[in-house]
Amino acid sequence: MSLSSPFNVFASCSYTPKPKTFLRDSKLLSRPQQLNSFPLASTFQTNEPSKNLRLKPVSSLETAPTSSSSTFRNKSPSEINILVVGSTGYIGRFVVQELVKRGFNVIAVAREKSGVRGKNDKEATLKQLQGANVCFSDVTDLASLEQSVESLNLGIDVVVSCLASRNGGIKDSWKIDYEATKNSLLAGKKFGAKHFVLLSAICVQKPLLEFQRAKLKFEAELMEVQDSTFTYSIVRPTAFFKSLGGQVDIVKDGKPYVMFGDGKLCACKPISEEDLASFIADCVLEESKINKVLPIGGPGKALTPLEQGEILFRILGREPKFLKVPIEIMDFVIGVLDGIAKVFPSVAEAAEFGKIGRYYAAESMLILDPETGEYSEEKTPSYGKDTLEDFFEKVVREGMAGQELGEQFF
């Protein structure tokens, strides 16, 4: 979950294709497939229900002797098996595409019903993840996930996790950002993975929200894995383009650009989904990115909401018109919800959603200096070539189709 504007919260070979097989209704069906250009010619599904698992400490993991080894970086990409979890998420789709383009053997784990609110069936998922081998499973159920990976009958070299809570709520955050992500580590290591690439978020530097705490807990356990041959890369991106485009249509309709305070409360160096996917793919083989926490932003200077709005008005050829909302309004609403939650615990989720909106209205998505408490544009690394202005121009022409933000309830 990587959002920068509260109003957007409110308002991926050299092999010849082979026939692909499907497990469906306990029968093995085979048919030609245009969706897969890799040697592994099967997709797998499991129907195990989710379970509440008592997770074993990462430090006590016992790994199986498989084909994977710490020398996987000496292999050609087509010989490297990468398990991608969160493959149908917003960033996960781009990561799968990028890894496929680079020639890796990608095994994408997906739910039988994927996408926002499970709108995509298996066929739609296969089309979306074409070029990868799709393994239908449940990352929230460790036994199911391990059974699915075992069915692949090959070792895993690298796990790439793009898992993220869809709504940032308390229960969903711990279920996905911590437990499911940890399941992917446990399953990956069991079948030989020697490297883990984690998509985290830059906002965990100042953890005031449950999804941030859940991410940090897994980050800490990942860094403490007691295996000298195992490495990790933790990627902490700034805001995604999609999280800054929610007001384009509103402004196109002649309405003002809405922001909190003077529009300078928060800033970010937004990064495109393609550029972020490229950076994550770099982490698979580049030794300079081993065992590091890697904050990353897009190219150019940091932009405040005020500057983002000015860019949008310039593209539209209109005089800037802003609506400035006091942030104290959000403080009041959150205070009321917190009070009610003390009597009615079920309201705690609603209060958490309010806190998420408030966080992104006030906190910058830049490197935080722990000593001064100040955010630094200069210390925030830049990567890629896509700019927010180019993104806004595209959205003005084509709209926000395919830019779903998840299942927030603001």
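Mentor: Gladly; let's start at threonine 231, which is buried with a relative accessible area of 10%. Here buried means under 20% relative accessible area, exposed means over 50%, and partly exposed is in between, with a 1.4 Å probe and protein chains only. Before we go on, please note that this is a predicted model, in which local features need pLDDT of at least 70 and side-chain atom pairs count only at pLDDT 80 or more, while totals for chains, interfaces and linings use all residues. Residues are numbered from 1 along each chain as its sequence is written, and side-chain values use heavy atoms, with hydrogens and water left out.

Threonine 231 belongs to strand β9. Strands (E, at least two residues) and helices (H or I, at least four) are DSSP runs, numbered from the N terminus. The side chain of threonine 231 makes a polar contact of 2.6 Å with the side chain of histidine 195. A polar contact is a pair of N or O atoms within 3.5 Å; within protein, one must be able to donate a hydrogen and the other to accept it, and residues adjacent in sequence count only if both atoms are side-chain atoms. Setting aside neighbours within four places in sequence, threonine 231 is in contact (heavy atoms within 4.5 Å) with Arg73, Lys194, His195, Phe196, Ile290 and Asn291.

Let's follow the last of those names. Asparagine 291 is 60 residues away from threonine 231 along the chain, yet their C-alpha atoms are separated by 5.7 Å. You'll find asparagine 291 in the loop between α8 and β11. With a relative accessible area of 39%, asparagine 291 is partly exposed. The backbone has a detail to notice as well: phi of asparagine 291 is near 55°, a positive value in a residue other than glycine.

Among the buried ones are Leu276, Phe279, Ile280, Asp282 and Cys283. What covers them? The cover for the buried residues of α8 includes β4 (81–85), α2, β7, β8 (195–199), β9 (231–237) and β11 (292–296).

Apart from neighbours within four places in sequence, its contacts are His195, Val197, Ser233, Val235, Lys289 and Leu294. Cysteine 283 and leucine 294 are eleven residues apart in sequence, and their C-alpha atoms are 9.6 Å apart in space.

Now for helix α2, another part of the cover. Two packed helices are described by the angle between their axes and the distance between the axes. The crossing of α2 and α8 is right-handed, a word used when the near helix is turned clockwise from the far one by less than a right angle, with anticlockwise being left-handed. On the α2 side, the residues that meet α8 are Tyr90, Ile91, Phe94, Val95, Glu98 and Leu99; those they meet include Leu276, Ile280 and Val284. By class, this contact has ten nonpolar, one polar and three charged residues. Ala, Val, Leu, Ile, Met, Phe, Trp, Tyr, Cys and Pro count as nonpolar, Asp, Glu, Lys and Arg as charged, and the others, Gly among them, as polar.

One last stop is strand β7 (residues 158–161), where serine 161 lies. Serine 161 counts as buried because its relative accessibility is 0%. Its side chain reaches the backbone nitrogen of leucine 163 at 3.5 Å. Beyond neighbours within four places in sequence, serine 161 touches residues including Val85, Thr181, Phe196 and Val197.
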